[in-house]
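Here's a walk through one protein-ligand model, from the overall fold down to a few single residues. Keep the viewer open as you read.

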Amino acid sequence: MEVTGRKGSSVQIGRVLITQEEIDSRVRELADQISADYAEKNPVLISLLKGGFIFLADLVRRMTIPHEVDFIAVRSYRDGFARSERIEIVNDLKRNVSDRDIIIIDGIVDTGHSLSFLGQMLEERRVRSLRVCALLDKPSCREIAVPVDYIGFKVPDVFVVGYGLDFMERYRNLAYIAELL
Ligand code: IMP
Ligand code: MG
């Protein structure tokens, strides 16, 4: 199905880069690894909305250790394909995270600006430890170095949608990751 962007250009779903089965088995591996690394720590998994919400939901159902979840939404001023760097919190955490072990759960790391901003904010709140788990990493697009501790898949520099990731709020519901043409 075609979606017409604000500028009048139309887009459509291209080739599938990562299938539902591949996502499922990688999410299980990540959940096992995090469960092993954080046994006894009761970590707080912070989902970066909106792109990280489906990933978080699947990941926590595969985890085998006690943990808590919370949500934060940041907005970076980008419109469709356009990129820019202004970032603000539009929905903050609901708990005090000082002295907690935090894992940020992100859908995709692109330029790194959002994560860098969030990392600084959490450090200011005196968290005990901070790691990042991203389903997708686009390393060739990085503008700021941010450590990503758990990576599901590396993807090339193409715009992808599905499994939580959108284009103008569409396609988050796809069970797979596809390229947008
Ligand atoms: P950045 O790392 O600060 O550039 O921000 C990453 C955010 O940009 C992600 O959380 C997504 O919301 C969005 N984004 C970047 N690349 C893509 C993509 O290929 N598809 C969908 N959203 C993307
Ligand atoms: Mg988006």
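This is a predicted model: local features need pLDDT of at least 70, side-chain atom pairs count only at pLDDT 80 or more; totals for chains, interfaces and linings use all residues.

Residues are numbered from 1 along each chain as its sequence is written, chains are lettered from A and ligands numbered from 1 in the order in which they are written, and side-chain values use heavy atoms, with hydrogens and water left out.

Let's start with the fold. The chain has three helices and eleven strands, where helices (H or I, at least four residues) and strands (E, at least two) are DSSP runs numbered from the N terminus. Read from the N terminus, the order is β-β-β-α-β-α-β-β-β-α-β-β-β-β. The radius of gyration is 16 Å, close to the 16 Å that the globule rule gives for 181 residues, so the chain is as compact as a globular protein of that length. (That radius is taken over C-alpha atoms, and the rule is 2.2 Å times the number of residues to the power 0.38.) Along the principal axes, the C-alpha atoms fill a box of roughly 50 × 35 × 25 Å.

Of the 181 residues, 47% are buried; buried means under 20% relative accessible area, exposed over 50%, and partly exposed in between, with a 1.4 Å probe and protein chains only. The chain exposes about 9300 Å², with carbon and sulfur atoms supplying 48% of that. Accessible areas come from the Shrake-Rupley method with a 1.4 Å probe, and for residues only the protein chains shown count as cover. Take the contacts (heavy atoms within 4.5 Å) between residues at least 6 apart in sequence: 66% of them join residues at least 24 apart.

Now for the ligand. Around ligand 1 sit 14 residues, and the closest are T111, G112, S114, K138 and V160; a residue counts as near if one of its heavy atoms lies within 4 Å. The shell splits into five nonpolar, four polar and five charged residues. Here Ala, Val, Leu, Ile, Met, Phe, Trp, Tyr, Cys and Pro count as nonpolar, Asp, Glu, Lys and Arg as charged, and the others, Gly among them, as polar. β7 (101-109) and α3 (113-124) each supply at least two shell residues, and β7 gives the most, with three.

Which atoms come up against ligand 1? A polar side-chain atom of T111 lies 2.5 Å from a ligand oxygen, and a backbone N or O atom of D110 is 2.9 Å from an oxygen of the ligand. On the nitrogen side, a polar backbone atom of V160 is 2.5 Å from a nitrogen atom of ligand 1. The protein covers 88% of the 490 Å² of accessible area that ligand 1 has on its own.

Next, D137 in strand β8 (residues 129-137). Is D137 buried or exposed? D137 is buried, because its relative accessible area is 3%. Its side chain makes a polar contact with the side chain of R142 at 2.7 Å. (A polar contact is a pair of N or O atoms within 3.5 Å; within protein, one must be able to donate a hydrogen and the other to accept it, and residues adjacent in sequence count only if both atoms are side-chain atoms.) Beyond its neighbours within four places in sequence, D137 touches V109, R142, I151, F153, K154 and V155.

L165 lies in the loop between β10 (160-161) and β11 (177-180), yet L165 counts as buried because its relative accessibility is 8%. Its contacts, leaving aside neighbours within four places in sequence, include G107, L136 and V160.

Last stop: S10, in strand β2 (residues 10-11), is partly exposed at 39% relative accessible area. The C-alpha atoms of S10 and L181 are separated by 8.7 Å, although these residues are 171 apart along the chain.
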